[in-house]
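Please read it alongside the sequence and the coordinates.

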Amino acid sequence: MNKTIIVSNRLPVQLEINKNEVKATPSVGGLATGMKSVHRDGNGIWVGWSGLTEEQLTSSLNEKVKKTLKEHQCVPVNLTEKDMEGFYYGFSNKTLWPQFHYFMEYTEFIKEDWETYKKVNEKFAVEILKHLNDGDQVWIHDYQLLLLPQIIKSQRPNTKIGFFLHIPFPSYEVYRTLPWRKEILKGMLGADLLGFHTYEYERHFLSSVQRLLGHNMEFNKILLDGREVLVDSFPMGIDYDKFANAAKAQNKLPKSERSELRLKLDEHILSDPNAKLILSIDRLDYTKGIPSRLQAFDYFLEKYPEYHEKVRLIMLAVPSRSNVPQYQLLKNEVDQLVGHINGKYSKVSWTPIWYFYRSMPFENLIDLYNACDIALITPLRDGMNLVAKEYIACREDLSGTLILSEMTGASQELSETILINPNNYEEVADTLKEVIEMPIEEQQTINETLQKRLKRYNVERWASDFLQALGETNQSESLVTTKRLHKRSLEKVLDQYKRSRKRLLFFDYDGTLAPFTRIPKNAKPTPEVFDLLDQLNSDEKNELVLITGRDRETFDEWFGHKNYNLVVEHGAWSRLKAGDWEVSEVLTNEWFESIYPILESFTDRTPGSLIEEKDYSLAWHYRGSDPDLGKQRVRALISTISQLIANHNLEILEGDKVVEIKVSGVNKGRSASKFVLNENYDFIFAIGDDWTDEFMYRDLPEDTVTVKVGPKKTIAKYRVDNTDHVFEIIKALNKAGDQEIMRIVE
């Protein structure tokens, strides 16, 4: 039976070691709950760190840990103290965590930590591959394992891999500062499905991929060599019934059975009919904005003194990374602010803040959710924030108000509640006054809507939707898959090639024999290209044609010394073998003076773009421009030029990050057909990457072997991924029948 392998930094169990005996207690976190049906109820296993370093594990204890974890369907990845220092405390939490949360001032770029991060991701991969069988799927979680998808994909290309990021993905302007930005994106793109909490994070990721890696996209699909990566948003939910039922049970308890905490909370509520409790729950992390929240509360008490002795802030700060200096400084700052506010406003019978620096058992959390009239959740940046959802789920009578930072992922789903900018103390203070005075009917209307949504889209639904989307990524075969030039297809082509007596071979240049470059003139042919083409051309059975949109001057400089047939500017010029260049059509470039100024104007306003002037056509390249700006400008450019071309018998060709204006009717198909007219070829081959090559595929004889390079739509019979695979085909043609060199990726 096929299984799902779940992967996260930590396993969903807590280990206790007592006298060399091991006990495992399941975690109760949101992720563990959401994955329960996939993990425990299904045939899944969970791979992650056990919480014990190799230095803590003797040989006998290590075996006991593995055995205990196996009973919980868990597989440990053993990490050393050095691993944890560089991987977790270092790169994960000193580089990725602050940068992805926009705290650039805390971000550290340490090469040794990066090397450890890579090493640990590889350790995870080794453990996963031991348990990965054909048909299994892998779901990887969070920022500690950003490189893992590609490591696994490189070893098992047919495995379905999902990845979910539980923290924000920052904007391109922030992400681009990371020294290892491309490596991380490439690591993530090993997944078939990438999930984020919100569309905003999804959009930031797509923007970074497009700008830094230059991949083509169709809506939320990234087109890679031979496959597609789907990027989508899946807002994580909570175990709604667990919190709602616990709240109901707590409310039914008689006074004699209520916890000490709940009795103290009730005492404040009963002290005054207008008394209100404000709840603040967070990990003690700088992203949560706790000092700002305290300062805003201070301002509220100063601005609205009528609420003294009526309002109390219950602040629970759960210890987090207490050995990290930044967090120690944060703890001192919070302690001082709480002391300052309490010292400034306290009365004999009233302290404005009750401050708890510890974690609390689940029952006490429910007490807080039940008793507090207002939840003040104001992180400066947060991937989702499940506390906000838990508070709403616990409001049995639909009373209570959530004040939520608009910087959280949860604000997208909970838009009916009160959203604030956590940096605006005036707004926070005024909002507190507003919700204190909010009529109960208005509170209930808002909470009824929110509860229905949270109950419907709970954490199990989140996991189910993600896995369903992952399952569908490979269900329907796309053109990319169905037309792939597999080894068997290549053998058939080579057999035709070997048996033929007179062959015609067409090769496009850019994107086919040479990768694209930001500056077109930099894509000079390499010695390998010359060597491969020379071998093809030396076969007396072969007629080799390089057919390109390039200008005559450049191609003459690059290939003029070679005895190849050359066709440039889509067929405007041709040179047979070592003969002279000839104009293929009766052409004119008098129209340049009308079009060139327009292109020049767009170039001036589009940084990174440039004009390529050919003998009989003009090309506007925007590969080096900002992708979004380029898309915007090219639409405007085409619209502007379209109004002029009818008068000059011109047409517009849209290529890969280029727009070309040329005389109508001149194209690769028409030029290629001229080679076929007076000769009887028994094998014709044509390969290219651009949509301008589609004319060639269309106009050549039906039995032509046509090959598309890359993932774009095509009428070609076959496709390959990239220029490396083109070189493999040429090698195969040069040594037809030699099976050892047939290394086309299946």
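How many helices and strands are there in the protein? There are 28 helices and 29 strands. The model is a predicted one.

**Overall features**

- The protein has 746 residues, and 57% of them count as buried.
- The C-alpha trace spans about 105 × 65 × 45 Å along its principal axes.
- The accessible surface of the protein is about 32,300 Å², with 47% of that area belonging to carbon and sulfur atoms.
- If contacts between residues at least 6 apart in sequence are taken, 70% of them join residues at least 24 apart.

**Helices H10 and H14**

- Helix H10 (residues 240–252) and helix H14 (residues 362–371) have axes that come within 10 Å and cross at roughly 80°.
- Angles of 65 to 115 degrees count as roughly perpendicular, and H10 and H14 are therefore roughly perpendicular to each other.
- On the H10 side, the contact is made by Lys242, Phe243, Ala246, Ala247, Gln250 and Asn251.
- On the H14 side, the contact residues are Phe362, Glu363, Ile366, Asp367, Tyr369 and Asn370.
- Sorted by class, the contact of H10 with H14 has six nonpolar, three polar and three charged residues.

**Salt bridges**

- A search of the whole structure gives 49 salt bridges.
- Lys389 and Glu413 form a salt bridge in which the closest N and O atoms are 2.5 Å apart.
- This pair links distant parts of the chain, with Lys389 in helix H15 (residues 386–393) and Glu413 in helix H16 (residues 410–413), 24 residues apart.
- Lys389 has a relative accessible area of 0%, so Lys389 is buried.
- Glu413 also counts as buried, because its relative accessibility is 13% and the cut-off for buried is under 20%.
- Asp510 and Arg550 form a salt bridge with their closest N and O atoms 2.8 Å apart.
- Here too the pair links distant parts of the chain, 40 residues apart: Asp510 lies in the loop between strand E18 (503–507) and helix H22 (527–538), and Arg550 lies in the loop between strand E19 (542–547) and helix H23 (552–559).
- Asp510 is buried at a relative accessible area of 16%, and Arg550 is buried at 4%.
- Glu654 and Arg635 form a salt bridge whose closest N and O atoms are 3.1 Å apart.
- Glu654 is in strand E25 (residues 650–655) and Arg635 is in helix H25 (residues 627–645); the two are 19 residues apart, and the pair links distant parts of the chain.
- Glu654, at 30% relative accessibility, counts as partly exposed, and Arg635, at 46%, counts as partly exposed.

**Thr287**

- Thr287 is located in the loop between strand E12 (276–283) and helix H12 (290–303).
- Is Thr287 buried or exposed? Its relative accessibility is 1%, so Thr287 counts as buried.
- Leaving out residues up to four places away in sequence, Thr287 touches Trp97, His101, Phe103, Pro379, Leu380 and Arg381.

Terms used
Residues are numbered from 1 along each chain as its sequence is written. This is a predicted model: local features need pLDDT of at least 70, side-chain atom pairs count only at pLDDT 80 or more; totals for chains, interfaces and linings use all residues. Side-chain values use heavy atoms; hydrogens and water are left out. Axes are lines fitted to C-alpha atoms, for helices over the stretch in contact, and angles run from 0 to 180 degrees between N-to-C directions. Helices (H or I, at least four residues) and strands (E, at least two) are DSSP runs, numbered from the N terminus. Angles under 35 degrees count as roughly parallel, over 145 as roughly antiparallel, 65 to 115 as roughly perpendicular and the rest as oblique. Contact means heavy atoms within 4.5 Å. Ala, Val, Leu, Ile, Met, Phe, Trp, Tyr, Cys and Pro count as nonpolar, Asp, Glu, Lys and Arg as charged, and the others, Gly among them, as polar. A salt bridge is a side-chain nitrogen of Lys or Arg within 4 Å of a carboxyl oxygen of Asp or Glu. Buried means under 20% relative accessible area, exposed over 50%, partly exposed in between (1.4 Å probe, protein chains only). Accessible areas come from the Shrake-Rupley method with a 1.4 Å probe; for residues, only the protein chains shown count as cover.
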